[in-house]
Amino acid sequence: MKNVKKIAAFIAALTLAVAGYANLDDITTVSGKSDRSIADTVATGEMKVTFLDVGQGDCTIVQTEGHNMLIDAGNNDQGESVVSYLLKNGIDTLDYLILTHPDADHIGGADDVLENIDVQMVLMPDVTNDTITYLEVVDDIKEFNIQIVYPRVGEIFTLGDAEFTVLCPDEELVDQSDLNSSSVGIKLNHGINSFVMCGDAEEKSEETMAKHFGSELECDVLKCGHHGSSTATSDEFLKATDPTWAVISCGVDNQYGHPHWETIEKLENDDVQIYRTDQMGTIIAISDGENINWKTGN
């Protein structure tokens, strides 16, 4: 199956080339299913995963069987664009809003989302930030009385005919002084297709995931941690995930030099097809449960 998907990645690349986050004690908490091994799901339709171009930030939209999830919402100046994209694509309700960690480039647009989209549940790590951006998001969560989950490793949540398993943060890595290591990460399964997406989780968190899950981390699509920084996509994690495709969300000519050449070199040496929002804009993966097709744009 891996070899078939490697060929599909090459074909997809040719096609594309031609086509051109305070105190939350008073907010209700809930839990997902109990811990069990990661398994394939039974796909009954298509799942669309959109890696939205929000410049130097993160925003991923998952749609399947009328159910929707948003992972991060870009920076403050991207909120209106994120909401516009959601509504344009018929999304006025989110089953889940995952705010991977409270850095502005991940939660900055979340207040606009919360104020314009019906959000059923927020998943986020149990850490805070002292920024106005973070406080605005928290105020909206409280105002709209939205359920919040501090997810635990191994918890499983259902989204239509897909499901996702929480990969991180490990309880021992949830640290107020290290927001990146506190990032929420998931493995999203749709049929035999899978996506691993872990916010800004870096090598320390990746090592813990590799020890906990081992070969169960293997996936088709890896969204590289921390915008392709050399502090993530470690050798051990890349070996465990063994992706066919990698997606990197970053801004054109960003001040951090993301993605770093070390990450690109690792992926290329491992024969991974790379898709970058700074080069291609919005990137869309469509899964039918067995195959994944790629396109750019709306």
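Buried means under 20% relative accessible area, exposed over 50%, and partly exposed in between (1.4 Å probe, protein chains only). Helices (H or I, at least four residues) and strands (E, at least two) are DSSP runs, numbered from the N terminus.

The model on screen is predicted: local features need pLDDT of at least 70, side-chain atom pairs count only at pLDDT 80 or more, and totals for chains, interfaces and linings use all residues. Residues are numbered from 1 along each chain as its sequence is written, and side-chain values use heavy atoms, with hydrogens and water left out.

**Stop 1: helix α2**

Select residues 79–88, helix α2. Start with the face turned away from the buried side: the exposed residues Glu80 and Lys88 are there. Now colour the buried set: Gly79, Val82, Val83, Tyr85 and Leu86. They span an arc of only 160 degrees around the axis, which puts them on the same side of α2. The arc is that of the directions from the helix axis to the C-beta atoms.

What do the buried residues of α2 pack against? Show β1 (47–51), β2 (60–64), β3 (67–71), α4 (110–116) and β16 (283–287). Contact here means heavy atoms within 4.5 Å. Step just past α2 to Gly90, where phi is positive, about 75 degrees.

**Stop 2: Gln63**

Go to strand β2 and pick Gln63. Its relative accessibility is 15%, so Gln63 counts as buried. Hide its neighbours within four places in sequence; the contacts of Gln63 are then Glu46, Met47, Lys48, Thr50, Asn68, Asn89 and Ile91.

**Stop 3: the largest cavity**

Select Asp58, Cys59, Thr60, Ile71, Asp72, Thr100, Met197, Cys198, Gly199 and Lys223, which line the largest cavity. The space inside is about 40 Å³. On a 1 Å grid over the protein atoms alone, a cavity is a set of points where a 1.4 Å probe fits but cannot get out; lining residues have an atom within 4 Å of a point. Grid points are joined across faces, edges and corners, and the volume is the space filled by probe spheres set on the points.

The lining has four nonpolar, three polar and three charged residues. Ala, Val, Leu, Ile, Met, Phe, Trp, Tyr, Cys and Pro count as nonpolar, Asp, Glu, Lys and Arg as charged, and the others, Gly among them, as polar.

Stay on Asp72, in the loop between β3 and α2. Asp72 is buried, at 1% relative accessible area. Its phi is positive, about 65 degrees, although Asp72 is not a glycine. Most residues other than glycine have a negative phi, and most peptide bonds are trans.

**Stop 4: backbone exceptions**

Jump to Asn145, in the loop between α5 (132–143) and β8 (147–149). Asn145 is not a glycine either, yet has a positive phi of about 50 degrees.

Next, the cis peptide bonds. One joins Cys168 and Pro169, with omega about 15 degrees. Pro169 sits in the loop between β10 and β11 (185–190). Another joins His258 and Pro259, with omega about -5 degrees. Find Pro259 in the loop between β14 and α8 (261–269).

**Stop 5: aromatic pairs**

How many aromatic pairs does the structure hold? There are five. Rings of Phe, Tyr and Trp (its six-membered ring) pair if their centres lie within 6.5 Å; planes under 30 degrees apart count as stacked, over 60 as edge-to-face and the rest as tilted.

Show Trp245 and Trp294: a tilted pair, 5.6 Å centre to centre, with 50 degrees between the planes. Trp245 is in strand β14 (residues 245–248) and Trp294 in strand β17 (residues 292–296), so the pair ties together parts 49 residues apart in sequence. Trp245 is buried at 0%, and Trp294 is buried at 8%.

Finally, select Tyr96, Phe157 and Phe164, a cluster linked by ring pairs.

**Stop 6: helix α6**

End at residues 203–213, helix α6, where Ser205, Glu206, Met209, Ala210 and Phe213 are buried. Their arc is only 140 degrees around the axis, which puts them on the same side of α6. They pack against β10 (162–168) and α7 (235–241). After α6 comes Gly214, with a positive phi near 55 degrees.

Definitions and conventions:
1 Å grid on protein atoms, 1.4 Å probe; cavity = no way out; pocket = protein on both sides within 12 Å on 5 of 7 lines; lining within 4 Å.
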